[in-house]
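Please read the following points with the model open beside you. They begin with the whole chain and then turn to one residue.

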Amino acid sequence: MFNDFFLDLHLVFTSAAGYLAPSVVAGAVLMLPRRASAPLRLLHFSGVFVHEMLHFVVGLVTMARPTSMSLVPRTEGGRLVLGSVSFVGLNWLNAWITALAPLLALPIIYGLANWRLIHGPQHFQWADLLIWLLIAPQLSNCWPSRADWKLVLISWPLVVMLAASMVVWTWACG
């Protein structure tokens, strides 16, 4: 009966979602203590770095023209800002994809988990622990910030056109 309480590691290595479960737990733990030790802050910083780099790269691709990127934590309006990217070419067409760019970390992480499990169910290796620790801050920082969601609102004409086309399509189909 005592053995029933232990996690069956075979479940962790049968699917990408199962493989990512330890990273999700570690990401939740990383989000709890804001006054963490230096190694935990460094791990958290890697998530902020990837978050801001995704904004920057997608901004370049969508011609939002990023002008600067800051990874120095600061306080703005009583809120802690861990990083930021400034743009000069945001418009209603590219604001939504640029602001939601950190969500692109999710398929990348899922692809990494699938790559690890490409040969079917595996056994635990010490490299898995490192992979889980490196993925955890990416998972905890991939959600767009409040400022990102405000930038999505710039694309309201696109949302209206999409909703109108859905209404017309639904009406035309019957």
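1. The protein has 8 helices and 4 strands, where helices (H or I, at least four residues) and strands (E, at least two) are DSSP runs numbered from the N terminus. Read from the N terminus on, the elements follow the order α-α-α-β-β-β-β-α-α-α-α-α.

2. A word on the basis of these values: this is a predicted model, in which local features need pLDDT of at least 70 and side-chain atom pairs count only at pLDDT 80 or more, while totals for chains, interfaces and linings use all residues. Residues are numbered from 1 along each chain as its sequence is written, and side-chain values use heavy atoms, with hydrogens and water left out.

3. Of the 174 residues in the protein, 32% are buried, a term that stands for under 20% relative accessible area, with a 1.4 Å probe and protein chains only.

4. H55 has its place in helix α3, which covers residues 38–61, and H55 is buried, its relative accessible area being 4%.

5. The side chain of H55 makes a polar contact, at 3.2 Å, with the side chain of H51; a polar contact is a pair of N or O atoms within 3.5 Å, and within protein one must be able to donate a hydrogen and the other to accept it, while residues adjacent in sequence count only if both atoms are side-chain atoms. A polar atom of the H55 side chain also lies 2.8 Å from the backbone oxygen of T98.

6. Leaving aside residues up to four places away in sequence, H55 touches V85, F87, T98, A99, A101, P102 and D148, where contact means heavy atoms within 4.5 Å.

Key. Buried < 20%, exposed > 50% of the residue type's maximum accessible area, 1.4 Å probe, protein only.
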